Protein chains: 2
Amino acid sequence: MKMKLKRNPAMMITTALMMLFLATSAMAKEPKYVFFFLGDGMANSQIQAAEAYLTTINGGSAENAEDLLNKDNRLNMTQMPVVGMQTTYDAFALMTDSASSATAFAGGIKTMSGVIGMDNTKTISYKSIAQLAHERGMKVGVISSVPLNHATPAAYYASVPNRGLYNDIATQMVETGYEFFGGGGLLSPESPNNIWEMLDNAGYTVLNERNEIMELKNNPMDKVVCINPWLQDGGAMPYAIDRPETNLSLAEMTEVAIAVLQGTKPGNGKGKALGTGNSFFLMVEGGKIDWACHANDAMATIGDMLDFDNAVSAALEFYKKYPNDTLIVVTGDHETGGMTIGHATTGYRAYYDRLLGQKNSFVYFGQQQWTDHKNAYSEFVCANNGWKADNNIENDGIMLGLMKEAFGMEWTELNDYQKEKLEDAYDKSMCGVNDNSDAENKLLYGGYNPIIVTITHILNEQASIGWTSYAHTGVPVPVFAQGKDADRFAGFYDNTDIAKQLAKSIGVREELPIAK
Amino acid sequence: MKMKLKRNPAMMITTALMMLFLATSAMAKEPKYVFFFLGDGMANSQIQAAEAYLTTINGGSAENAEDLLNKDNRLNMTQMPVVGMQTTYDAFALMTDSASSATAFAGGIKTMSGVIGMDNTKTISYKSIAQLAHERGMKVGVISSVPLNHATPAAYYASVPNRGLYNDIATQMVETGYEFFGGGGLLSPESPNNIWEMLDNAGYTVLNERNEIMELKNNPMDKVVCINPWLQDGGAMPYAIDRPETNLSLAEMTEVAIAVLQGTKPGNGKGKALGTGNSFFLMVEGGKIDWACHANDAMATIGDMLDFDNAVSAALEFYKKYPNDTLIVVTGDHETGGMTIGHATTGYRAYYDRLLGQKNSFVYFGQQQWTDHKNAYSEFVCANNGWKADNNIENDGIMLGLMKEAFGMEWTELNDYQKEKLEDAYDKSMCGVNDNSDAENKLLYGGYNPIIVTITHILNEQASIGWTSYAHTGVPVPVFAQGKDADRFAGFYDNTDIAKQLAKSIGVREELPIAK
């Protein structure tokens, strides 16, 4: 086979080789902007429930493939081009906790439940990819809807043998010099160390008004801690379905972080800044997906899933501006609650419109309506044994009204078995007795307020959503990725591999884990 | 930038272009051997349960990441290089049935539950990828552990408005001329059409002895129907954990099919044979994973998962011989049972060794030990209302002995709540009353034998496995692929896309769906 060449062949080869060289160089360059989104407790069921709900509120039907597959009814994450799957075990458990899984994602090391940033003998501390990024001159942001010194965010800056050492964790947080922290509050911030004073001394500005925080988008400020105005429970941001307008969404917090990380001068890291402009690593945790799943509240779960996915959307908007320099990775750390997209009582049919009647989360109902009612309902009499009450829920018109108002649940539409379950739970909640060491209670209520968890169970089952646990479960979790280096996240691998691949993408040449 | 060239540049360019041409041609060529493995009812939970069990029987611990990640304790499928994820909805349901999902995989079209190879108006029939492959001169094999005219295998050769039209489906099966059918038996084979006679007239040999079938590996025969000697329930092969030595595993059936499809002359299709040698398309269904999950029997599920994965291994052995010509795709059609890898009663701990005591499937126990005992236990007296029996399970020593013998379950180790559940179920099973329209029964037993499903529920929960349904669920399902064209199956897509990609891999140039 012979071909005739009309131009100078030597020049053509030179050109081709130059193009090859340039293409290879471009391929080898790390992304400048790396986002890692972690949906705590998020696996396939949480994703599918959110999409079926989204389809329903957008006016479609969760029982119609065309509607379910409509791009407008899909989450941003499931439309990302690269899909992977990861195993979530920790060193000594099929069902990891968030401390060990966060250590896997952040440091590339398997450890035992409860341990952050250390090995399973609790003797060696490891660097997180956030710390490594900072050392390389990238700016770093850490966002979580739960407290900023909770297990998942902590793994990006702290090493402790026990996730409960909140003051120690917060102390290490101050020492990072990271440019941005945002989301929930701080647990145990005053003793032994006064974290607020430490933050001040380290040059951090702490903001907790919506307007002040949002203003950072126009006037970014380096070294800032943004705490959502209302901390609903356990120092966390409110569930998305409970959020007042004076608060921030996870997407807003993400937009603020992007402005801060991109808008100010290069970070304080020891290393050399990558590329010519700024570069950053931002971790965003949707932490209350997990909390809602622990409580088996599908609507609170879905609300926070959508909130989390909107934060992903904020990163995708950024990606559109810098498609060749941005990497976005989205995953969960484990499934929580044993959530299923189907239930024995509804068989092959789904009824997501049943969820539309729920106004607020289980926490909001418990803190507000339920507590008010219980305190006010003087006619209720607990029997001597403390378990069986003299009153029936059926005669408590106010309670039945609250169920309708807060959950869209009509007493008269329930079947006898559901009524019986509510009656038992009501007695236990009104009498303040719920012995979680009892096998039946452990299964039925899992330590949660019996009447509230029974209401969400029944409501969820009516919609065709089941739950089997109040803990984490061990099912593999999906990974979604888009942008520069996204292909690294295709395939089936272990959660520690995510840290290892992210490390490569932020330009760390050493193999993880790297001891401190 | 200038480079000096020591050889004739024109020749180098010619060589480079030729290499490029050859490389491109090689890339464009379709794989000659295409395997599609379908685990009916298989999603992430079934996969994870099988791997945790495999880890346990191999002497490791399901509570140790190192053991769980050991390649010897992993399924073949999760070690394949390409991972995807697919949505499983059918035209009018979040939770598909196996007829509509099989139609999606086989024909690339969404239809309604119960319909095979037709659109959702039940008026237009579509060609399956198996038919298209056959038309292109590829040989075709269809294997299923359930009857050969059950929904999933049927979708590869038949078009019917109702999956229950078994005689019609079997008639269409005979007319295909496909080279190999193997697995379970035929439902309704005698009326109106006598399928056995039709098969004979069409030149098919029907074998149902293990030795005869296995002999095909040495002396392959074209147009053969291999029916497993023992059809345990509903015309299906036995559960793997119940299989006697005189029967075949799914892996053995797959090996036989490979020998038949590769060993004899090109098929009877109208089209032109691909490439220079034989080529084939083989579909293998692990159909009883689904049946076991419907019944909430984890051990029967795991047994058939391992059997299915061994069949995948047979294809991987073949792949080693023809790595450039073989494509293997493995997926499930939907999840069944709402299986979860965790349970409220065990929290964060897993105990897979609890499963080791179960000797046989729920079907085997029901057909054998349970029936014998119930018939022989003359002392049992049902009360007048038919529900509440006068006898307690606790006093039925033979029954407690059977529970220990068949499931490794010790009565004295159960808690009061578990005992209470068993007592209720025992009464209902002994009195032969189980009204599945009653809400409580629907949840607790789902139409299955109350005492047996209660035993498997408790045993599974003890191991940390939960169930929420007796039906299919709507969670997305993983896809695994290896070999030529495997990259087509990366990403997140719909189940109909699998047919569309497979069609490309078997060289169909038209866009699916293609009407008959």
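Tutor: The axes used here are lines fitted to C-alpha atoms, for helices over the stretch in contact, and the angles run from 0 to 180 degrees between N-to-C directions. The model is a predicted one, and every value below is computed from it.

With that convention in hand, take helix α4 (residues 98–107) of chain A and helix α18 (residues 495–505) of chain A, whose axes come within 6 Å and cross at roughly 30 degrees. Because angles under 35 degrees count as roughly parallel, α4(A) is roughly parallel to α18(A). On the α4(A) side the contact is made by Ser101(A), Ala104(A), Phe105(A), Ala106(A) and Gly107(A), while α18(A) contributes Asn495(A), Thr496(A), Ile498(A) and Ala499(A). Sorted by class, this contact of α4(A) with α18(A) has 5 nonpolar and 4 polar residues, and no charged residues.

A helix pair in the other chain can be read in the same terms. Helix α15 (residues 416–430) of chain B and helix α17 (residues 450–463) of chain B pack with their axes 7 Å apart, at an angle of about 160 degrees, and α15(B) and α17(B) are therefore roughly antiparallel to each other. From α15(B), the residues Gln418(B), Lys421(B), Leu422(B), Ala425(B), Tyr426(B), Lys428(B) and Ser429(B) meet Pro450(B), Ile451(B), Thr454(B), Ile455(B), Ile458(B) and Gln462(B) of α17(B). By class, the contact of α15(B) with α17(B) has 7 nonpolar, 4 polar and 2 charged residues.

Returning to chain A, the segment after α18 holds Pro513(A), which is joined to Leu512(A) by a cis peptide bond with omega about -5 degrees. A cis peptide bond also joins Ser191(A) and Pro192(A), with omega about 0 degrees, and Pro192(A) lies in the loop between β4 (180–183) and α8 (195–201) of chain A.

Over all chains, a search of the whole structure finds 30 salt bridges.

Between chain B and chain A, by contrast, the count is 0 salt bridges, although there are 24 residue pairs in polar contact, with both residues at pLDDT 80 or more. Of the side of chain B that touches chain A, the largest share, 7 residues, comes from helix α1 (residues 9–28) of chain B, and by class that side has 40 nonpolar, 25 polar and 11 charged residues. In total, 76 residues of chain B are in contact with 76 residues of chain A. The area buried between the two chains is about 6,200 Å², and carbon and sulfur atoms give 70% of that area.

Terms used. Residues numbered from 1 in each chain as written. Chains lettered and ligands numbered in written order. Predicted model: local features only at pLDDT ≥ 70, side-chain atom pairs only at ≥ 80, totals over all residues. Heavy atoms only, no water. Contact = heavy atoms within 4.5 Å. Buried area = accessible area lost by both parts, 1.4 Å probe. Salt bridge = Lys/Arg side-chain N within 4 Å of Asp/Glu carboxyl O. Polar contact = N/O pair within 3.5 Å; in protein donor to acceptor, adjacent residues only side chain to side chain. Helix = DSSP H or I, 4+ residues; strand = E, 2+ residues; numbered from the N terminus. Nonpolar A, V, L, I, M, F, W, Y, C, P; charged D, E, K, R; others polar. Parallel < 35°, antiparallel > 145°, perpendicular 65-115°, else oblique.
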